[in-house]
There are 2 protein chains.
Amino acid sequence: MGWTYEKAGISLAKHWEMHSIAREVIHELSNELGIGLVEGGFTRSINLGNYEVTLHTDGVGTKSMVAWSTGRLEVIGWDCVVGNVNDIACDGFSPMALTDYIAISSNDADAVGKVLRGIRDAALRVGAVLLGGETAIMPDLVNGIDVSCTVLGIRRVRAVGNAAPGDVVIGIESNGLHMNGYTLARKVLLGRYGVNDEICGDELGNWLLRPTAYYGDLLTKLYGRGLIKAAVHVTGGGFTKLRRAIGELGVELEVPEPPCIFRVIKEVGNVGWDEMYRVFNMGVGLMVLTSEGQVGEVTSVIREAGFNYWVLGKVTSSGGISILMPNGVKLRL
Amino acid sequence: MGWTYEKAGISLAKHWEMHSIAREVIHELSNELGIGLVEGGFTRSINLGNYEVTLHTDGVGTKSMVAWSTGRLEVIGWDCVVGNVNDIACDGFSPMALTDYIAISSNDADAVGKVLRGIRDAALRVGAVLLGGETAIMPDLVNGIDVSCTVLGIRRVRAVGNAAPGDVVIGIESNGLHMNGYTLARKVLLGRYGVNDEICGDELGNWLLRPTAYYGDLLTKLYGRGLIKAAVHVTGGGFTKLRRAIGELGVELEVPEPPCIFRVIKEVGNVGWDEMYRVFNMGVGLMVLTSEGQVGEVTSVIREAGFNYWVLGKVTSSGGISILMPNGVKLRL
């Protein structure tokens, strides 16, 4: 039997159940307090004077355990900021300010300093100030370091409309695993290899600690020019995140050959391809949805921004998420 | 030798070093990005249109470990919200919206549901909507559950001036330990007693899981009526948090008899009184600073809000934080 995310300790079903409990609380509060929420694919927002503002929180998951064991902690500071900003940018928000939360098992101020340097680099890149944060030293509760960030965003741009059958899905390259699926990836890869072992032309540690690609500027440009209808940051849940853009519609995608590191995880862990596409980004860190007539303009903006991309397929009226791999394998998520 | 916070695993010196690294990054970003920050005692804020907004993050510490082991998790959801709101209210901000971050060691949706119910109750109480959050299932990284929250606040009221020598310090009662000092309290108390053992007239578990008192409405009223110059939420660092209000000035305080649970921690753990006042709230969850002429009005507002209080002493021109206990013990923090 092969590895699954569940066998690695994480039940995606329970994770969605947690999300659904949170959603109930969110709507109950909004109703009780009489404060209307704007629901986006990745965000919820409220009006504040002339601004529409969102607040968004995400953590770097157990990528931090690889960072901790190698002492290369800057990347999780970077990821923490960029992961959040990519999420809110999918809904047309730009970051204004952020805070961080670091839980750490020891009095290691140097480690915290490295994380904060990564946060600084990313905050400069995305143009947001840091307004504060909390560092909790909790030797009994945390094994190593856990990092999450919260970003305050304001709406700068808006989607031109909703996704509809016939719209085109364009995938934009990721830079490695970004910050998702590490509990499975660590079990599989570090069960067989050391972080210094060479895999796919680089050390495993380098593969596991690549910084998350920053898509915020690209998305602001695409939305700002009225070119896209939706954007999907491919994070926890992998390709199933597409549901946030398509709802009850379907998509038929022909995906590119997954990068080497994902093929190694699949082979070493004997992980099913469907599980791989449910957990990892598989080389596609962002998808944007556009009408057929604007594919040329969208791809030229993506190219100018320096990203590789693939025209993956089309939105269909139903049928869920259907994937055809180059090796002929067909998947339905 | 007695217990200290350091012996329990937490170095306050290293904690302040982490804070100071963060402060450097914060100022570097503000300068580089040309975005001015308003510095408060507990918050930093920026201008957004006609609003002054702050973003603030805090977690519940290892109080969550007691909550986890007893299954009584609602209180940490409550504390997570109220702790943050008390902080920003000290600087005159009211909460608008919040997010939560939950790191959990198992696929326990029920536990997450309990935390979220506590968050809901607190959010209703403080009048803030929940805009989202993240639940990370990380069996390899977390032992139990870790909860932090981030609150978006807007300025509603402003202090009438800075603290000056001669100003009066008034202390307002806490409701148990709130959410600070648990790593030390757990080592000392749970090293000798079980959570069901009766101490100080109640079960230890009840003492350790009392909800944090909510001071937001009281502070808004006191600031709104122009009655106070500063407020200090007595959290991590205990009475040393007063420095945020007095800077280089001093205070001379005559504190009340510490509640029974703190005396037990002191005796069982053989903890120094100075360490106790550096780590715990010692029965005083909030302090407000006012000019001598307004003490009567301030205390009448506090009384109307249903809190017990003590006129603790006065601000001095120097001399640090000086404490006289009812048993004659004198401390200098």
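Here is a short chat about how the two chains meet and about one residue at their contact.

Colleague: Before we start, what kind of model is this?
Modeller: Keep in mind that the local features here need pLDDT of at least 70. That's because what you're looking at is a predicted model.

Colleague: How are the two copies, chain A and chain B, related?
Modeller: Chain B can be laid on chain A with an RMSD of 0.0 Å. Getting there takes a turn of 180° and a shift of 0.0 Å along the axis. So the copies are related as by a two-fold rotation axis.

Colleague: Which residue of chain B comes closest to the rotation axis?
Modeller: Going by C-alpha atoms, the distance to look for is 2.4 Å. Among the residues of chain B, the one that comes closest is B:Val142.

Colleague: And how much area do chain B and chain A bury between them?
Modeller: The contact draws 77 residues from chain B and 78 residues from chain A. B:Met18, B:Leu131 and B:Leu141 supply 11% of the area that chain B buries against chain A, more than any other three residues. Carbon and sulfur atoms carry 70% of the buried total, which is about 6,700 Å².

Colleague: How many salt bridges does the rule find across that interface?
Modeller: One salt bridge to look at joins B:Asp140 and A:Arg186, with the closest N and O atoms 2.6 Å apart. Across the interface of chain B and chain A, the number found is six.

Colleague: Which element of chain B gives the most residues to the side that touches chain A?
Modeller: By class, that side of chain B has 38 nonpolar, 25 polar and 14 charged residues. The element that gives the most supplies 13 residues, and it's helix H1 (residues 12-33).

Colleague: Let's zoom in on B:Thr99: is it buried or exposed?
Modeller: B:Thr99 sits in strand E4 (residues 93-104) of chain B. Its neighbours come from both chains, including A:Leu55, A:His56, B:Leu130 and B:Cys149. The relative accessibility of B:Thr99 is 0%, and anything under 20% counts as buried, so B:Thr99 is buried.

Colleague: With which residue's side chain does the side chain of B:Thr99 make a polar contact?
Modeller: Between chain B and chain A the count is 23 residue pairs in polar contact. For the side chain of B:Thr99, the distance is 2.5 Å, and the partner is the side chain of A:Thr57.

Note on methods:
Residues numbered from 1 in each chain as written. Chains lettered and ligands numbered in written order. Predicted model: local features only at pLDDT ≥ 70, side-chain atom pairs only at ≥ 80, totals over all residues. Heavy atoms only, no water. Helix = DSSP H or I, 4+ residues; strand = E, 2+ residues; numbered from the N terminus. Buried < 20%, exposed > 50% of the residue type's maximum accessible area, 1.4 Å probe, protein only. Polar contact = N/O pair within 3.5 Å; in protein donor to acceptor, adjacent residues only side chain to side chain. Contact = heavy atoms within 4.5 Å. Least-squares fit on C-alpha atoms with pLDDT ≥ 70 in both. Buried area = accessible area lost by both parts, 1.4 Å probe. Salt bridge = Lys/Arg side-chain N within 4 Å of Asp/Glu carboxyl O. Nonpolar A, V, L, I, M, F, W, Y, C, P; charged D, E, K, R; others polar. Lists of a residue's contacts leave out its neighbours within four places in sequence.
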